[in-house]
2 protein chains.
Amino acid sequence: MKIAIVGASGAVGQEFLRILSENDFPVDELLLFGSERSAGRTYPFRGGLTFPVRVLTEEARDFEGVDFAFVSAGASVSKQYADVITSGGAIMIDNSSAFRMDSDVPLVVPEVNGADAFDAPRGIIANPNCTTIQMVVALDPIHRISPIRRVHVATYQAASGAGATGMQELEQQSRELAAGQAPTVAKFADQLAFNLIPHIDVFTDNGYTREEMKMHFETKKIMHAPKLEVSATCVRVPVMRAHSEAIWVETEEPVSIETARYAFASAPGVVLVDKAEALGYPMPLHAAGTDPVYVGRIRADLANPRGLSFWTVADQIRKGAALNAVQIAQYILKHRQ
Amino acid sequence: MKIAIVGASGAVGQEFLRILSENDFPVDELLLFGSERSAGRTYPFRGGLTFPVRVLTEEARDFEGVDFAFVSAGASVSKQYADVITSGGAIMIDNSSAFRMDSDVPLVVPEVNGADAFDAPRGIIANPNCTTIQMVVALDPIHRISPIRRVHVATYQAASGAGATGMQELEQQSRELAAGQAPTVAKFADQLAFNLIPHIDVFTDNGYTREEMKMHFETKKIMHAPKLEVSATCVRVPVMRAHSEAIWVETEEPVSIETARYAFASAPGVVLVDKAEALGYPMPLHAAGTDPVYVGRIRADLANPRGLSFWTVADQIRKGAALNAVQIAQYILKHRQ
């Protein structure tokens, strides 16, 4: 396979390189693209050759013969270069929000709706938002038992969601505060170290942020569930990597804790960590750098006889971004005729 | 007034001293009590005399003539010494969980149920759990418009909830990590710096922690609302001081955002911070050390036509503990015949 990574120097781009290095994805040729700022940098791959980052241009020949292009350079880059990237027949797996809600672009989480990947007339498959990915992996096993009607979700989102510069800023602020200095605030709206910022992406007219509305709309699309309503509160927390979510679901029929636990334990992509004791629950520190969506703290919803409550943690850069995109390509390779 | 503070060297005890120093509470005599470990320490009060901490004993004469005893030394100390403290007629305002659910002990948040303070046959008034206090101050203005039936709440609880040693541990871990050292873990179940711990207080049989069940039961009692059901997920976050909560409520009749906003803006103890722009919402960094319960991010619940969603932040040691206790005493002084 001929693989291109667009945005190779970013946090997600670097994770693409790590994931493709680690697993057995059939990479015969590798092309790295980035901005002028990162052009010329080189990265090793599978311990062998190093690959240079080239400047992304409008030159369609750059993508000739490419099978899969993993793109993570922001929505405006995705919009501008989608035609160039796909013109030679490449499947563009796009990590940005540019095309997610387009009716002719599937939005795919392989564990949930992998088959949608084959309905991609424009050659573009969208990777959902990180918070949505880990949530739908956890919702789907319950939804298959009894359809979910309502979801209330409060997120605890790591600095990694704002990319490498987000993580650097949290680290820098923590060092500065430890040294008794004023913290540098540039990427986030305010100091993130020792603080919480209930504001991710821009505000929309209904008072929800776009991040919150992504969870609302993307979940319906991925799960093919137009009646499944999500109300989210998205909060940035001073954690380096891995997002956490406190979730309540209401199903059409009651689902017992035992049934839910069994469903989670046997669901693809999920690791159940659910013991009523110290450390018997998922935490971001331990999820960072790993692949699964961890689920724990499973309880009956005390405020709803048809409700369940649980807690999920997943690495935002892996399952929340690069890993899911690679899994989409793997799904296509495995299932196509 | 003759005032006693039991647990004077703790985080909450120290806050009692600060609050009583700052405000015009009529303190004529001041007695400080603590463990043998803190006995002999002295603390200044209102910039004048310094007061020594004495060892708390079973000697009832120590509390003779005391009007109010503010007690914050843990549930076992409260249970052991309640009779001693109240034997001379003192009103014991207890910050622990020891008596909160006793039918002959009122559980009071002055803005919500101040009058309950006068129904205290044992001379004991309980201060609710910190997470409950800030939540009911925010629920009550909505509940007065239309009764609340269901509450879903995810908490973001600061290290201060575990007392002074909790804050010290988070600070120490952050310094150690900044210096490239392994973090010291003693007070919390795991590293708190750059991590989240969805486990506060012990687990109960239904999978909820006791902290979560406190929110469930205490809310019913304070609000005189046996049908108001709360499902909580309580999470420790690497914030020094001030707890935050993402809350969804379902009311009997729909309450519009405009009505809710007006109710919050005019509610006692609440400060509305609700603009759809950067920094237009409450954050713990700015709430730390202040008195109000801040409310913002008010939205219609997209998953419930009779639902509202909002975000509250309050200083756990002030309104969540010492301030509420002092306000109970102030309420009694103001309203008693």
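Analyst: The buried residues of helix α1 of chain A pack against β1, β2, β3, β5, α5 (163–178) and α9 (318–335) of chain A. Here buried means under 20% relative accessible area, exposed over 50% and partly exposed in between, with a 1.4 Å probe and protein chains only; contact means heavy atoms within 4.5 Å. Helices (H or I, at least four residues) and strands (E, at least two) are DSSP runs numbered from the N terminus.

This is a predicted model, in which local features need pLDDT of at least 70 and side-chain atom pairs count only at pLDDT 80 or more, while totals for chains, interfaces and linings use all residues. Residues are numbered from 1 along each chain as its sequence is written, chains are lettered from A and ligands numbered from 1 in the order in which they are written, and side-chain values use heavy atoms, leaving out hydrogens and water.

Of the twelve residues of α1(A), nine are buried, so that the helix is mostly covered. Among these buried residues are A:Val12, A:Phe16, A:Leu17, A:Ile19 and A:Leu20; A:Gly13, A:Gln14 and A:Glu15 are buried as well. As for length, the twelve residues of α1(A) should span 16 Å at 1.5 Å a residue, and the distance of 17 Å between its end C-alpha atoms agrees with this. The expected span is 1.5 Å times one less than the number of residues.

Helix α1 (residues 11–22) of chain A lies across β1, β2, β3 and β5 (68–71) of chain A, and it runs at about 150° to β1(A). Such angles run from 0 to 180 degrees between N-to-C directions, with axes fitted as lines to C-alpha atoms, for helices over the stretch in contact.

These strands belong to an open sheet of seven strands in chain A, with mixed pairing and the order β3-β4-β2-β1-β5-β6-β7. Two strands pair if DSSP finds at least two bridges between them. At the edges of the sheet are β3 (42–44) and β7 (124–126) of chain A, each of which pairs on one side only. From one strand to the next, the twist averages 25°. Strands of a sheet pair through backbone hydrogen bonds, either parallel or antiparallel. Within this sheet, β1 (residues 2–6) and β2 (residues 29–34) of chain A pair in the parallel sense over five bridges, and A:Ile3 stands opposite A:Leu30 in β2(A).

Helix α2 (residues 75–86) of chain A lies across β1, β5, β6 (91–94) and β7 of chain A, at about 155° to β6(A).

Lastly, chain A may be compared with chain B. Chain A can be laid on chain B with an RMSD of 0.0 Å by a turn of 180° and a shift of 0.0 Å along the axis, the copies being superposed by least squares on the C-alpha atoms of residues with pLDDT of at least 70 in both. The two copies are therefore related as by a two-fold rotation axis. The same surface serves both copies, as 100% of the contact residues of chain A recur in chain B.
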